[in-house]
Amino acid sequence: RAQWRGIIEEYRDRLPIGADTAPVTLREGGTPLVPAQVLSELTGCDVHLKVEGANPTGSFKDRGMTMAITKAKENGAQAVICASTGNTSASAAAYAVRAGMVCAVLVPQGKIALGKMGQALVHGAEILQVEGNFDDCLSLARGLSEKYPVALVNSVNPVRIEGQKTAAFEIVDMLGDAPDIHVLPVGNAGNITAYWKGYGEYADAAIASRTPRMWGFQASGAAPIVRGEAVKDPSTIATAIRIGNPASWTLAEQARDESGGLIEAVTDRQILRAYRLLAAQEGVFVEPASAASVAGLLQATEEGKVDPGQRIVCTVTGNGLKDPDWAVAGAPQPVTVPVDADAAARRLGLV
Ligand code: F0G
């Protein structure tokens, strides 16, 4: 059987890319759409998880990065730069390796998960830890790309959004139509913009009969869109979405309004509860930011906003191994046993 070829080959006719352009790819996309049994019971709906942590570098960023790095290479760029809360930098670093390019990443000092830092390091990226937050990193990266010969691969680069919209295509291709509601975490707001574009294009092409309502969730300490003003000192344990002034703010509001959706906030406590539920009851290990989508769905259910019988897709954006500290924190210590079957059986309660 032929393997999945990556999003550019699978969806080339729907992407702004030449027929002959050779993709820089790690065969990203084609991720699992997993039926969520417990969430379906809790909501009375048909809930699915789009497991984006199954991408090559462990997050949805690979969909946009294959496009951004392919384009940068085609344009003769020798170096790329990005600001990141961790996943974009991990992805850029890996794809830059495939393209033979130098990759520079700007990350907020002390505020990115260890797994993501490890990825950027092992892929050989130039890492600058900035004494500021993500928003500071992004304005720095923008300034550098304007003054120096280095291509910006953040989602302000429109081809990133083009690549990320393919997740919506895959969902419709798998379900046979668009869901009623699509739920996702919101940070810099590129992904909600991308899904809305993808769903819209499939509806325009009559591949889907409708578009879903887009439901976005920010962390309550980093919820500028919900509050209607930039947050100077964003704070949340979900470091991936610790962003106070999202680049795609207006486009996210457009996705919300055109789809009849909503963008609301969930607390860190709700995020961690959803994070544990996903791992312990659905068998899906995600990073905390990813659980904001599920936390939001549960909140909306409690508020009576979820009519039963609907089809709902939640994107879980990144792999749990990115940030394992939260899995270990607060969990009981594993017990130690000698190399002895009886002792092991006793500890397991088998005798
Ligand atoms: N979930 C994860 C795991 C992320 O890494 C991000 C963004 C988001 C959700 C939010 O997506 O920004 O498109 O609204 N991470 C960026 C980064 C900011 O630098 O890796 P968004």
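A residue is buried if 20 or more other C-beta atoms lie within 10 Å of its own, exposed if 12 or fewer, and partly exposed in between, with C-beta atoms placed from the backbone. Keep that rule at hand for the tour.

This is a predicted model, in which local features need pLDDT of at least 70, side-chain atom pairs count only at pLDDT 80 or more, and totals for chains, interfaces and linings use all residues. Numbering starts from 1 along each chain, as its sequence is written.

**Whole chain.** Show the chain as a cartoon. It has 15 helices and 10 strands. These are DSSP runs numbered from the N terminus: helices are H or I of at least four residues, strands E of at least two. The radius of gyration, taken over C-alpha atoms, is 20 Å. The globule rule (2.2 Å times the number of residues to the power 0.38) gives close to that value, 20 Å for 351 residues, so the chain is as compact as a globular protein of that length. Of the 351 residues, 55% count as buried.

**First stop.** Select Ala-189. It sits in the loop between β7 (181–185) and α9 (190–204). Is Ala-189 buried or exposed? Ala-189 counts as buried, because it has 25 C-beta neighbours inside 10 Å. Check its phi: near 75°, a positive value in a residue other than glycine.

**Next stop.** Follow α9 onward and select Ala-206. This residue lies in the loop between α9 and β8 (213–219). Ala-206 is exposed, because 7 other C-beta atoms lie within 10 Å. Its phi is positive too, at about 60°, although Ala-206 is not a glycine.
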